[in-house]
Amino acid sequence: MSATLVKIGLVNPKSPTNVGGVMRAAGCYQASEVRYTGKRYALAAKNRGEQYNTDTKRASENIPLIAVDNILEGLDSDTKVVCVDLVEGAVALPEFQHPAKAIYVFGPEDGTIDQGLIDSADAVVYVPTVGCMNLASSVNVLLYDRLAKGAPTGSDALIRQSRDTNNRVKVKR
């Protein structure tokens with residue numbers, strides 16, 4: 001399952017820290033774009049500058065972060081809409097089968113996804129935790145679940161490419 005067929009949608013995020021964390025996750029799991037609605041994030045990012053930047057791998061240099069009025073605008077007709085939120089009647093993530101091509105839509109840190117968007121989704125899933133995770137953590141868990149359920153196994157070459165420069169540790173055989 002190719003991760004490049006993945007887009008992330010953020011409904012009115014407020015925190016540059018969380019959006020930076022989402023961008024880092026998008027880079028790690030090779031999402032093709034992150035889009036967001038609302039004005040809170042742009043205003044907070046403008047006022048806080050780089051001080052709270054958590055996109056330490058600079059994923060935003062390769063993955064577009066796009067402000068949109070409608071999170072679903074311009075999607076290919078074969079893109080499945082998957083809302084991820086603590087919504088009654090949603091499917092638990094461990095039971096969910098990911099579509100080949102999807103936009104995963106996440107609600108704001110201090111709210112939820114609009115009922116109209118939930119109603120138009122192809123699927124609604126939740127991460128079965130006690131309490132709610134923050135936005136960036138939720139995106140990481142969802143993208144990891146997609147990888148774990150559909151990706152081929154990794155290799156030492158991937159590890160060497162992905163780890164930090166200070167990490168040269170090997171498993172003793």
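**A helix pair and a pocket**

Helix H1 passes helix H4 in a right-handed crossing, meaning that the near helix is turned clockwise from the far one by less than a right angle. This is a predicted model, where local features need pLDDT of at least 70 and side-chain atom pairs count only at pLDDT 80 or more, while totals for chains, interfaces and linings use all residues. Residues are numbered from 1 along each chain, and side-chain values use heavy atoms, without hydrogens and water.

H1 covers residues 16-28 and H4 covers residues 135-150. Both are DSSP runs (H or I, at least four residues). They pack at an angle of about 15°, with axes 8 Å apart. H1 is therefore roughly parallel to H4 (angles under 35 degrees).

Which residues of H1 meet H4? They are Asn18, Gly21, Val22, Ala25 and Ala26. Their partners in H4 are Leu135, Ala136, Val139, Asn140 and Leu143. Contact means heavy atoms within 4.5 Å. By class, this contact has seven nonpolar, three polar and no charged residues.

Now the second largest pocket. Its volume is about 310 Å³. The lining has 17 residues, each with an atom within 4 Å of a grid point. Asp85, Leu86, Cys132, Met133 and Ser138 lie nearest the pocket's centre. The lining divides into nine nonpolar, six polar and two charged residues.

Notes:
Axes are lines fitted to C-alpha atoms, for helices over the stretch in contact, and angles run from 0 to 180 degrees between N-to-C directions. Helices (H or I, at least four residues) and strands (E, at least two) are DSSP runs, numbered from the N terminus. Angles under 35 degrees count as roughly parallel, over 145 as roughly antiparallel, 65 to 115 as roughly perpendicular and the rest as oblique. Ala, Val, Leu, Ile, Met, Phe, Trp, Tyr, Cys and Pro count as nonpolar, Asp, Glu, Lys and Arg as charged, and the others, Gly among them, as polar. On a 1 Å grid over the protein atoms alone, a cavity is a set of points where a 1.4 Å probe fits but cannot get out, and a pocket is an open set with protein on both sides within 12 Å along at least five of seven lines; lining residues have an atom within 4 Å of a point. Grid points are joined across faces, edges and corners, and a volume is the space filled by probe spheres set on the points.
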